[in-house]
Amino acid sequence: MTWLVLIRKGGPYLAVLAIVGGIAFGGWYGRGLYEDSQELSELKGAQKAIKAAMARESGIAQEVEAKLATLKANQTVIDRGVIREVVKPVYQRVCFEPELVRLLNLGPEASAEALSAEPAGEVPGEAGAAE
């Protein structure tokens, strides 16, 4: 069998197959174009909404700028620095013994002679023993 015989026998089938294929391809292509046009219309709608919002915000910003331009400064800021006063605390006998109050009130200015490191007396009982 040659090609010519095959075309004669299958010619009508090939023509129907070509027509069905063309219709399927045309439907697929048309559906793609339809979906693209839907997406494009949604995108254009969103861009319109954005432009409207930007125009509205721009108008408000212009009104605020015009209002701010008419205002005058009515405050004067004086910055002369910060003056610190350090107050030395004076401890009183509330919970401390008089000797501790005296040592706290002497503070860092006290000389080494005033701050004695000698114990006052014997330790009562057996303080070093384990319980």
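Modeller: Before we start, buried means under 20% relative accessible area, exposed over 50%, and partly exposed in between, with a 1.4 Å probe and protein chains only. This is a predicted model, so local features need pLDDT of at least 70 and side-chain atom pairs 80 or more, while totals for chains, interfaces and linings use all residues. Residues are numbered from 1 along each chain as its sequence is written, and side-chain values use heavy atoms, leaving out hydrogens and water.

Colleague: Thanks! What does the secondary structure come to in the protein chain?

Modeller: The protein chain has 2 helices and 0 strands. Those are DSSP runs numbered from the N terminus (H or I over at least four residues for helices, E over at least two for strands). Helix α1 covers residues 3-70.

Colleague: Where do F25 and W28 lie?

Modeller: Both are in helix α1, 3 residues apart, about one turn of the helix. F25 has a relative accessible area of 51%, so F25 is exposed. W28 counts as exposed too, at 60%.

Colleague: Which residue does F25 form a stacked pair with?

Modeller: That would be Y29, with 6.2 Å centre to centre and 15 degrees between the planes. F25 and Y29 are 4 residues apart in helix α1, about one turn. Y29 is partly exposed at 48% relative accessible area. F25, W28 and Y29 form one aromatic cluster.

Colleague: Which residues form the nonpolar patch on the surface?

Modeller: F25, W28, Y29 and L33, with about 520 Å² of accessible area together. Patch residues have over 30% relative accessible area and no salt bridge; nonpolar side chains (Val, Leu, Ile, Met, Phe, Trp, Tyr) are joined within 5 Å, like charges within 9 Å. L33 lies in helix α1 and is partly exposed, with a relative accessible area of 46%.

Colleague: Now charges: how many salt bridges does the count come to?

Modeller: The count is 2 salt bridges, each being a side-chain nitrogen of Lys or Arg within 4 Å of a carboxyl oxygen of Asp or Glu. E35 bridges to R31, with the closest N and O atoms 3.1 Å apart. R56 bridges to E57, where the closest N and O atoms are 3.7 Å apart.

Colleague: How many residues apart are E35 and R31?

Modeller: They are 4 residues apart in helix α1, about one turn of the helix. E35 is partly exposed at 37% relative accessibility, and R31 is partly exposed at 48%.

Colleague: Is E57 buried or partly exposed?

Modeller: E57 is partly exposed, with a relative accessible area of 43%.

Notes
Rings of Phe, Tyr and Trp (its six-membered ring) pair if their centres lie within 6.5 Å; planes under 30 degrees apart count as stacked, over 60 as edge-to-face and the rest as tilted. Accessible areas come from the Shrake-Rupley method with a 1.4 Å probe; for residues, only the protein chains shown count as cover.
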